[in-house]
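Please open the structure in your viewer and keep the selection tool at hand.

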Amino acid sequence: MRITNFSKKLILILGILFFPALLMLSCNDEGSEVKKETNYDGQGLNYNTTGNLIINIIHLFNENNLTRGNKYVTDALDTISVNSLKYYVSNVQLKKSNGEWTNLKTYNLIDIEDPASLSNTISGIPAENYTKLKFNVGIDSAMNRAGVQDGDLSPLNDMFWSWTADFIFFRIKGNYSTNKAMTLDIGGNQHLMTVEVDLTTIKQSNQTNSITLAMNVANIFNKPNKYDLKTMSTDIHTANNADLPKLTQNINTSVFTLSLNK
Amino acid sequence: MIRKIVTVFFIGLIIPIVISSCRRDEQIQPATNNTGDTTQVFKPTPYSIEYPKGYLWPRLLANTTNPLTNEGVELGKKLFYDAILSASNTISCATCHKQEYAFTDNRRFSLGPNGEVGTRNSMPLFNLYGSELLPNSNTHRFMWDGSQPGLETQVLAPIMNPIEMNQSLAELERELRAHPIYPTLFKKAFGIDSITIKYVAMAISQFERILISGQSKFDLYKQGLAQLNESETRGMLVFGSEEKGDCFHCHGDIHFNPFFTNYRMHNNGLDSVIKDSGLFIMTGNPADIGKFKTPSLRNLSFTAPYMHDGRFNTLEQVVEFYNSGVYRKGYTDEFMRKHPEGLKLTEQDKADLIAFLKTLDDYNFINNPKLNVR
């Protein structure tokens, strides 16, 4: 008797406590639920004939546009500013409805100081319905070992360690704390990064579809690993640096998202 | 009318295809000049290599991205000897890689444009393609510490190194494009209209691949065209016997390996306290501490001083090192550690070993006018 009463009360209390949470959950769920239900043909990027994909990239620090030289604060409470941000987006792949990936064999150098580099058109995309986008940040090992190249891959872009013949995959340069210099160069085959982006939240079926990726610089330092510039490397120039995996894991998982407001 | 529409439609279709295929496909395409003069079609002559005799020489890897052509090799040779590659226009590859020294120099450490001194001995350049025959997974192919995976990328290392040629690549491209002769030579070799560093690297690599040395007295002996004297014959046995010199594990089996190196990275026990950690710098793996690329034993009479830091001036010093001076513990290679008491070579053994090593000197190679621009 006492037990039943108690459990009734418990249920009530739990109910009161968790009801809003449940509501919230279901709110959130609604979005993804709808997504799942409507994951029919035509969701994502749909090409009836061979077409093009324009990939635009915008750079943010959390919700603000990234401005070169501006001061920002990371979760580890480091004040940073960015002077240069350059990286390779390569091997763009699209996931077909049968689960296979189409590799479009692209190599693009993104440079925040070069507006033209922030929008790249990929042509020759086979007719299909694509639900996911995947790309490398960096250069795959085959290309990394393929000798000197031209264009975006030219060593003239200064994204090359000539003494080990490795591409620099990713570079962020700027200041931290009170104007101390910071250079984080990521390279080395073992540090190739891969980003996956869900496309089922959008629906486009044109000859030329276009998406925008938001690159959140804050998360390079924040998520999931807090990169504390007071204790970790601030001048990275070799693939052997022990702190690199923290940065690459962040870039793999939290830095790039699909931006819905273009 | 319909024909016209169809034609226009097709041209409209074809032009973008052609343009996009030009952009995406970096392979060498036959190029015609603007006037459409068909005599100007880009058609380089394939380079045919004459492999030395005596051994069954391994063939060069089939190279589809940078096939050897007469025009490419000639251009590569010109660039190799041209100081235009350096910022000061005073240093060429041949400054530190001279033919008379089997394409190394005779200094302990090479000099840079302002007299700066490096920390490593220049390396001889011959039979380099042998390094390319290592398995694909092994990318430590060139330089003492194995830092370079291929010839095409290696070229950039001295050009960009501040204490070697110290050249800006953009500046180099500008200089070559403005040069009276180079644009034509690049066009002939690669069919390109605008010189880029990629083709500079390709041409020099072609020249480096044809630097083949295999006409020493020992090669003639292998063909039955020369005799080894008694000392040289005994020296060959010292080299090849596990009880004596035991050199062949790393420097190659006399019977099968014409290169006199396995091209791999080893620690031959030069130091107990290691100053230059070699391959470890690349890999961060403690097992790689003090490992360096095993050099060929061909042409030793021309390549002194010896070892990555040029510490030995004579072959007598080298042989005495292997006999009694090796640090046979720690990170040193197992083939060195297996002789804990040293090699215990007699004075005669040492003299014989050196006599044998000198049968590997290739005077044809260092005198071959085709490898020079003079």
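**Stop 1**

Select Arg209(B) and Glu132(B), whose side chains meet in a salt bridge with an N to O distance of 2.8 Å. A salt bridge is here a side-chain nitrogen of Lys or Arg within 4 Å of a carboxyl oxygen of Asp or Glu. Side chains of opposite charge can pair when their charged atoms come close. This pair links distant parts of the chain, 77 residues apart: Arg209(B) lies in helix α8 of chain B, and Glu132(B) in the loop between α3 (93-96) and α4 (151-154) of chain B. Helices (H or I, at least four residues) are DSSP runs, numbered from the N terminus. Both Arg209(B) and Glu132(B) are buried; buried means under 20% relative accessible area, exposed over 50%, and partly exposed in between (1.4 Å probe, protein chains only).

The model is predicted: local features need pLDDT of at least 70, and side-chain atom pairs count only at pLDDT 80 or more, while totals for chains, interfaces and linings use all residues. Residues are numbered from 1 along each chain as its sequence is written, chains are lettered from A in the order in which they are written, and side-chain values use heavy atoms, without hydrogens and water.

**Stop 2: two further salt bridges**

Next, select Asp349(B) and Lys244(B), which form a salt bridge at 3.2 Å, N to O. Asp349(B) belongs to helix α16 (residues 347-358) of chain B, whereas Lys244(B) is in the loop between α10 (230-240) and α11 (248-251) of chain B, 105 residues apart. How accessible is Asp349(B)? Its relative accessible area is 8%, so Asp349(B) is buried. Lys244(B), at 33% relative accessibility, counts as partly exposed.

Then select Asp309(B) and Arg311(B), a salt bridge whose closest N and O atoms are 2.9 Å apart. Asp309(B) is buried at 12% relative accessible area, and Arg311(B) is partly exposed at 22%.

**Stop 3: a network in chain A**

Move to Asp78(A), Asp228(A) and Lys230(A), which are joined into one network by salt bridges that share partners. Over all chains, the structure holds 29 salt bridges.

**Stop 4: two crossing helices**

Finally, select helix α2 (residues 70-80) and helix α8 (residues 197-209) of chain B, whose axes come within 7 Å and cross at roughly 100 degrees. Axes are lines fitted to C-alpha atoms, for helices over the stretch in contact, with angles from 0 to 180 degrees between N-to-C directions. The helices α2(B) and α8(B) are therefore roughly perpendicular to each other, a term for angles of 65 to 115 degrees.

Conventions
Parallel < 35°, antiparallel > 145°, perpendicular 65-115°, else oblique.
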